[in-house]
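Dear colleague,

Please read them with the coordinates open beside you.

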Amino acid sequence: MPMTRRLIINADDFGYAKGSVPATIALYEAGIVTSTTAMVNQPCWPDAAAYLRDHPDLGAGVHLVMNEGRPILPLEQVPSLADAEGRFRDGTPLLLRYGRLRTAELKAEWRAQIEKFTTDTGRPPDHLDLHCHYPYVFPAWFRVSLALAQEYQHIPVRMPFDDALDHKAPEMAAGNGFPAWYVRWQGQRYQRLVEQYGLRRPNYFEMSFSQDGHRTVEYLLSLLSTLPDGVTELLAHPGIEGWREGDYRTLLDPRVKRRIAELGIELIDYRALVG
């Protein structure tokens, strides 16, 4: 039976600085990037939103943020989310706030980000995902995103703990300081949560390309050649400055698009999961 391989090449951080907007646009117009996720609290979001309004064929979701920039809502409505300067906390300071961070405020802020996306682009998001790994650390935070995805017409979500969890767990554990058994246990728990909320997700989430040492054409071509049957989301962080330029230049290389065509891989966006 022939393999059916479908691929979502998703450009994260649309609206962030570091040239995320021109890089994502160039990759979409080159026929490589099929999907993006927007950071609506970032300085270049107006430019990103304007492009999405004029280009409805580019799939787009919301990159829910709790650790970068400032909240969309007034600080008096989300006091537990921000520091004394009115900015989201990041890293260890954020994780240490777990017991004092109110999930009701987080839900209100993330809902505001979704509503801003819809208002600014004139369309609803086609999926939700979370900025960085911190919101995935605690089930209570992850559940907030699932509840919102359910509320907004059961739109799909990203799932870092994918169908290859058993195989990937040791590497994921090593990168985050957890034992492999814990990553498997937590990952299986998160998979069940997605099912319980009645949401769809890609079968696989491939984040290795957008990591140091892997932003090369050779690595990406090898990854494409071993793409499993089903739907895979390939994570990318294109930009025209710093390390993001590696993602951008590699994806723009004509050998990548040619290999996708040779392998018969179908490029899709998240809307295909519910179509």
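In this predicted model, helix H6, which covers residues 165–176, packs with helix H7, residues 180–196, at an angle of about 125°, and their axes lie 8 Å apart. Since angles from 65 to 115 degrees count as roughly perpendicular and those over 145 as roughly antiparallel, H6 and H7 are therefore oblique to each other. The crossing that these two helices make is right-handed.

On the H6 side, the residues in contact are Leu165, Asp166, Ala169, Pro170, Met172 and Ala173, and they meet Ala180, Val183, Arg184, Gly187, Gln188 and Gln191 of H7. Sorted by class, the contact of H6 with H7 holds seven nonpolar residues, together with three polar and two charged ones.

The other pair to look at is helix H1, residues 20–29, with helix H9, residues 244–252, whose axes come within 10 Å of each other and cross at roughly 15°. Because an angle under 35 degrees counts as roughly parallel, H1 is described as roughly parallel to H9. Here the crossing, in which H1 passes H9, is left-handed.

Ala23, Ala26 and Leu27 are the residues that H1 brings to this contact, while H9 brings Tyr248, Leu251 and Leu252. By class, the contact of H1 with H9 has six nonpolar residues, with no polar and no charged ones, whereas polar and charged residues do take part in the contact of H6 with H7.

Conventions. Residues are numbered from 1 along each chain as its sequence is written. This is a predicted model: local features need pLDDT of at least 70, side-chain atom pairs count only at pLDDT 80 or more; totals for chains, interfaces and linings use all residues. Side-chain values use heavy atoms; hydrogens and water are left out. Axes are lines fitted to C-alpha atoms, for helices over the stretch in contact, and angles run from 0 to 180 degrees between N-to-C directions. Helices (H or I, at least four residues) and strands (E, at least two) are DSSP runs, numbered from the N terminus. A crossing is left-handed if the near helix is turned anticlockwise from the far one by less than a right angle, and right-handed if clockwise. Contact means heavy atoms within 4.5 Å. Ala, Val, Leu, Ile, Met, Phe, Trp, Tyr, Cys and Pro count as nonpolar, Asp, Glu, Lys and Arg as charged, and the others, Gly among them, as polar.
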